[in-house]
Amino acid sequence: MRLTVLGSCGAYPEPGRACSGFAVEESGYRVVLDLGYGTLPRLLELWPTGPDAVVITHEHPDHCADLHGLFRLRHYGRHPRLPLYCPPGVLDRLQGLEPDVSLREVFDVFALPGSWDVGPFKLTGVGLPHFVENAGVRLESSRVLAYTGDTGPSPALASLGRDADLFIVEATDRPGDTSGLLMTSAAAGSWARQAGARRLMLTHFWPGNDRFVAVAAARAAFSGEIFAASEGDVYALG
């Protein structure tokens, strides 16, 4: 299994970066997890013909805005239909940008949370607390990759990331946030430890935050390898 970071920012992209997005490949099958602002050009540079399947964790635009660009590419290029796994609110949010054509003309939509066979992967979507419906994602094949999307603390995080080779956890560290619906780096480390994950990747950094500080905060709770997601980084889970 091979992972490429497309974007690592929360809310909006910092210069030279993009919002949430990850490209995953196994045995030639290509899945993209989230398509936030600025991720589509990076995805197409990596995979000029696009992915074989799309997974979107929730409807906030820093996780799904570039799905609309992918829709237009597939629609006007007359490409084959594409499987899309997402909570119901994602299409509702984006359809307002394209009122004359249904996004379902391009995408075969499968609801998350839920479990599906996707190419070589077993995909499991797990409901996690956020301001809107959010599905954490677990991909299992030769290795296990887990990704939270955006989430507050929840016991479901321990099962989502159980024994994962790589657990990608939102670590927004938003100044002044008291909602309980976003994660801190320290909490990300704690949940990775409780899950028994082998490696932890922090992502969804609030613009302006120091990523070295975030890694240090997570390291206080998690003794395994810790990475700060950064655009263009490639990881082989093996």
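This is a predicted model: local features need pLDDT of at least 70, side-chain atom pairs count only at pLDDT 80 or more; totals for chains, interfaces and linings use all residues.
Student: How many helices and strands does the chain have?
Tutor: There are six helices and 14 strands. Both are DSSP runs numbered from the N terminus: helices are H or I with at least four residues, strands are E with at least two.

Student: What share of the residues is buried?
Tutor: Of the 238 residues, 56% count as buried. Buried means under 20% relative accessible area, exposed over 50%, and partly exposed in between, with a 1.4 Å probe and protein chains only.

Student: Which residues have the most contacts inside the largest nonpolar core?
Tutor: They are Leu3, Phe22, Leu33, Leu145 and Met201, in a core of 27 residues. A nonpolar core is a set of buried Ala, Val, Leu, Ile, Met, Phe, Trp, Tyr and Cys residues joined through side-chain atoms within 4.5 Å. Strands that each supply at least two residues of this core include strand 1 (2–7), strand 2 (21–26) and strand 3 (29–35). Another core, of 26 residues, lies apart from it, with Ala156, Val169, Ala197 and Val215 among them.

Student: What is Met201 in contact with?
Tutor: Leaving aside neighbours within four places in sequence, its partners include Leu3, Val5, Phe22, Phe227 and Tyr235. Contact means heavy atoms within 4.5 Å.

Student: And how do Phe227 and Tyr235 sit relative to each other?
Tutor: They form a tilted aromatic pair, 4.9 Å centre to centre with 55° between the planes. Both Phe227 and Tyr235 are buried. Rings of Phe, Tyr and Trp (its six-membered ring) pair if their centres lie within 6.5 Å; planes under 30 degrees apart count as stacked, over 60 as edge-to-face and the rest as tilted.

Student: How many aromatic pairs are there in the structure?
Tutor: There are six. One of them is Tyr85 with Trp116, tilted, at 6.2 Å centre to centre. Tyr85 is in strand 5 and Trp116 in strand 7, 31 residues apart. Tyr85, Phe110 and Trp116 form one aromatic cluster.

Student: Changing topic, how many salt bridges does a search find?
Tutor: It finds 10. A salt bridge is a side-chain nitrogen of Lys or Arg within 4 Å of a carboxyl oxygen of Asp or Glu.

Student: Where do Asp52 and Arg30 sit in the chain?
Tutor: Asp52 is in the loop between helix 1 (40–46) and strand 4, and Arg30 is in strand 3, 22 residues apart. Their side chains meet in a salt bridge at 3.4 Å, N to O.

Student: Is Arg30 buried or exposed?
Tutor: Arg30 is buried, because its relative accessible area is 17%. Asp52 has 25%, so it counts as partly exposed.

Methods. Residues are numbered from 1 along each chain as its sequence is written. Side-chain values use heavy atoms; hydrogens and water are left out.
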